[in-house]
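Subject: Structure handover

Hi,

Here is the structure for you to look over. My notes on it follow below.

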Amino acid sequence: MVRRPVAWVVAVVLFAEAVGIAAVQWFMGVVVDRQDMSLAGLDPDVMSLSSKIGGIVFGLYFGLCGLVALLVALRDRPASTLGRVLLISAAVVHGLLGAFAWGLVGWPAFLFMMAVLTLIVLLLMTYEERPQVAEPADVRPESGPEPTNGAAPA
């Protein structure tokens with residue numbers, strides 16, 4: 001009922017976050033490059049380049065997590081083991097980002113991070129694999145004669 005829409009929403013949110021985080025990091029790299037100032041003796045070019053690279057890597061990470069959520073939505077099956085690990089790590093990242101956002105940005109950013117964290121956890125929990133119920137060992141199939149273990153019937 002609610003599984004597929006949640007997976008679609010998680011995929012869209014993670015793709016939007018991937019683009020957003022990459023754009024913000026790229027913008028920060030451009031700002032550092034244009035200021036041409038040093039921070040504690042660090043080279044501004046290195047700081048600018050590392051900000052841009054970090055934004056691309058982080059954006060690709062969120063994009064990959066969004067791809068996992070999209071595949072879950074399209075197939076209507078749980079994610080593979082690697083996909084589950086990626087989604088769990090994205091949930092942890094959102095928890096940490098929410099904690100930092102509370103102190104640095106404010107409660108609206110914290111609420112957004114917690115909403116995304118909730119959606120990811122909901123996606124993981126609604127697609128939880130249920131264990132297969134095995135047949136009892138004492139039930140025998142009803143077809144065929146009883147085994148005699150090599151002995152002739154009396």
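Ala22 is in contact with Gly55 and Gly59, leaving aside its neighbours within four places in sequence; contact means heavy atoms within 4.5 Å. The model is predicted: local features need pLDDT of at least 70, side-chain atom pairs count only at pLDDT 80 or more, and totals for chains, interfaces and linings use all residues. Residues are numbered from 1 along each chain as its sequence is written, and side-chain values use heavy atoms, with hydrogens and water left out.

Ala22 sits in helix 1. Helices are DSSP runs (H or I, at least four residues), numbered from the N terminus. The classes are buried under 20% relative accessible area, exposed over 50%, and partly exposed in between (1.4 Å probe, protein chains only). Ser51 is 29 residues from Ala22 along the chain, and their C-alpha atoms are separated by 9.5 Å.

Next, the helix pairs. Helix 1 and helix 2 pack at an angle of about 170°, and their axes are 8 Å apart. Helix 1 is therefore roughly antiparallel to helix 2. Axes are lines fitted to C-alpha atoms, for helices over the stretch in contact, and angles run from 0 to 180 degrees between N-to-C directions. Under 35 degrees counts as roughly parallel, over 145 as roughly antiparallel, 65 to 115 as roughly perpendicular, and the rest as oblique. The contact of helix 1 with helix 2 has 25 nonpolar, eight polar and six charged residues. Here Ala, Val, Leu, Ile, Met, Phe, Trp, Tyr, Cys and Pro are nonpolar, Asp, Glu, Lys and Arg are charged, and the others, Gly among them, are polar.

Helix 2 also packs with helix 3, at about 125° and with axes 9 Å apart. That pair is therefore oblique.

Last, the core. The largest nonpolar core has 23 residues, and Val10, Leu14, Leu87, Ile120 and Leu123 touch the most other members. Such a core is a set of buried Ala, Val, Leu, Ile, Met, Phe, Trp, Tyr and Cys residues joined through side-chain atoms within 4.5 Å. Helix 2 gives the most to this core, with seven residues. Val10 touches Ala69, Leu119, Ile120 and Leu123, not counting residues up to four places away in sequence.

Best wishes

Note on methods: Helix = DSSP H or I, 4+ residues; strand = E, 2+ residues; numbered from the N terminus.
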